[in-house]
Amino acid sequence: LLVAQALLQTKNIRIGPGGFLLPYHHPAELANRVAMLDHLSNGRLNFGVAASGLPSDWAMFNVDGMSGQNRDMTREALEIILKMWSEPGPWTHKGKYWTVNKPDTMFDFL
């Protein structure tokens, strides 16, 4: 909501909300949310990503950060997000952490 308000209040500046912590977001949902914000901003949204480094977050989301699981999840999520934005469907990604299905166009417009 803060980013949306900033977009309404400005016309030229780029808006960067900081890094999205990819281990804690489903990559397909985040890809859609960020694409919508970028569309609403007329391309002024900066998309940043991060792996998270706080042990309290790891505990809350059940991620083994000491083993580097957060970095592995970040790599896989970013791969999926970039594929969502660049490759038309249909395709399926069955990874270690996420499974994503991108369907073909439905009803000629979805």
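User: What does the lining of the largest pocket have, by class?
Analyst: Ten nonpolar, four polar and two charged residues. Here Ala, Val, Leu, Ile, Met, Phe, Trp, Tyr, Cys and Pro count as nonpolar, Asp, Glu, Lys and Arg as charged, and the others, Gly among them, as polar. The model is predicted, with local features needing pLDDT of at least 70 and side-chain atom pairs pLDDT 80 or more, while totals for chains, interfaces and linings use all residues. Residues are numbered from 1 along each chain as its sequence is written, and side-chain values use heavy atoms, leaving out hydrogens and water.

User: Which residues lie nearest the centre of that pocket?
Analyst: N32, M84, K102, P103 and L110, out of 16 lining residues. A pocket is an open set of points on a 1 Å grid over the protein atoms alone, where a 1.4 Å probe fits, with protein on both sides within 12 Å along at least five of seven lines; lining residues have an atom within 4 Å of a point.

User: Which element gives the largest share of the lining?
Analyst: Helix α2, with four residues. At least two residues each come from α2, α4 and β4 (99–102). Helices (H or I, at least four residues) and strands (E, at least two) are DSSP runs, numbered from the N terminus.

User: How do the axes of α2 and α4 cross?
Analyst: The axes of α2 (residues 27–40) and α4 (residues 69–86) come within 9 Å and cross at roughly 50°. These axes are lines fitted to C-alpha atoms over the stretch in contact, and angles run from 0 to 180 degrees between N-to-C directions.

User: New topic. How many helices and strands in the chain?
Analyst: Four helices and four strands, in the pattern α-β-α-β-α-α-β-β along the sequence. The C-alpha atoms fill a box of roughly 45 × 35 × 20 Å along the principal axes.

User: Which peptide bond is cis?
Analyst: The bond from G89 to P90, with omega near 5°. P90 sits in the loop between α4 and β3 (91–94).

User: And where is N42?
Analyst: N42 is in the loop between α2 and β2 (48–50). Its phi is positive, near 55°, in a residue other than glycine.
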